[in-house]
Amino acid sequence: MTQSVLALIPARGGSKGIPRKNVLNLLGKPVIAYSILHAKASRYINRVIVSTDDQEIADVSRQWGAEIPFMRPAEYAQDLSPDIDVFRHCLNWLRENENYVPDMVVHLRPPGPVRHVEHIDEAIELLASHPEADAVRSVTMALQSPYKMWHIAPDGNLSPIIRIEGMADCQSVARQTLPTVYWQNGYVDVIRPRAVLEKNSMWGDTALPYIVNDQLFEIDYPENIPAVEEALKRLEAGLSSDANLTEGRHPV
């Protein structure tokens, strides 16, 4: 495949659940190093950029082989800053300053350091084989069905989140009879720049699923660290267990 594939790793300095999370030492490496190394090990990714507002994260990222062609503006590094602001800023900066527009952008999130590189490549291959699609999103079957979820209305009564046309009370039927639902898990996403720059979206008009079937690990709070470290040990040892062996597939 001859397409230009950029890995973009967002890593702001103001993490709350674990302060300085992106440079936390995890089995001898800073957390962000895992995503950088995954990108550099890919067969298709030919450029790795970390978008950060933090000088220490920038320095550590360079040490592990990522580019820092710009520092992210503070207005795009707030607690509630959406991903699309980060991606739009990066893509516009590269286009304006380097005349560089990649064919695809791989979104790798540092809090999920337990990954199989081959699944990153499979997600890239999936999008490359579907030029009509704007994105590939990794998803996992939802453990709880939104068809059985409610919100409390302003009048204090329960109101269903979702209804099914022709079924008066889908909240009371067997879960197995309801539509299968997936939630986005953040393992890996691949996006065409047109989705961000032309359609103002992180998935555009058409997104393909990359299904991850097994357990996922993320570092959001200190209590997550032991499980993530154990999963990393097993992954790096090449052991086959439920520690995080993922199977990505696109349903036919």
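Mentor: Helices (H or I, at least four residues) and strands (E, at least two) are runs assigned by DSSP and numbered from the N terminus. The model is a predicted one, in which local features need pLDDT of at least 70 and side-chain atom pairs count only at pLDDT 80 or more, while totals for chains, interfaces and linings use all residues. Residues are numbered from 1 along each chain as its sequence is written, and side-chain values use heavy atoms, without hydrogens and water.

Trainee: Why is Arg 163 called exposed?

Mentor: The relative accessible area of Arg 163 is 60%, and exposed means over 50%, buried under 20% and partly exposed in between (1.4 Å probe, protein chains only), so Arg 163 counts as exposed. Although Arg 163 and Tyr 147 are 16 residues apart in sequence, their C-alpha atoms lie 6.8 Å apart in space.

Trainee: What makes β1 and β4 a pair?

Mentor: Two strands pair if DSSP finds at least two bridges between them, and β1 (residues 5-10) is joined to β4 by five bridges, so the two qualify, running parallel. Within this pairing, Ile 9 stands opposite Val 50 of β4.

Trainee: How do you know that β5 pairs with both β1 and β9?

Mentor: Four bridges link β5 to β1 in the parallel sense, with Val 105 as the bridge partner of Leu 6. Three bridges join β5 to β9, in this case antiparallel, and His 107 is found opposite Asp 189 of β9.

Trainee: Why are β4 and β10 said to stand at the edges?

Mentor: The open sheet holds six strands in the order β4-β1-β5-β9-β6-β10, with mixed pairing. Because β4 (47-51) and β10 (207-211) each have a single partner strand, one side of each is left without a neighbour in the sheet. From one strand to the next the twist averages 35°.

Trainee: What makes both faces of β5 covered?

Mentor: Met 104 and Val 106 on one side, and Val 105 and His 107 on the other, are all buried.

Trainee: Which strands does helix α4 lie across, and at what angle to β9 does the helix run?

Mentor: Helix α4 (residues 117-128) lies across β1, β5 (104-107), β6 (135-141), β9 (182-191) and β10, and runs at about 75° to β9. That angle, from a range of 0 to 180 degrees, is taken between N-to-C directions of lines fitted to C-alpha atoms, for helices over the stretch in contact, meaning heavy atoms within 4.5 Å.
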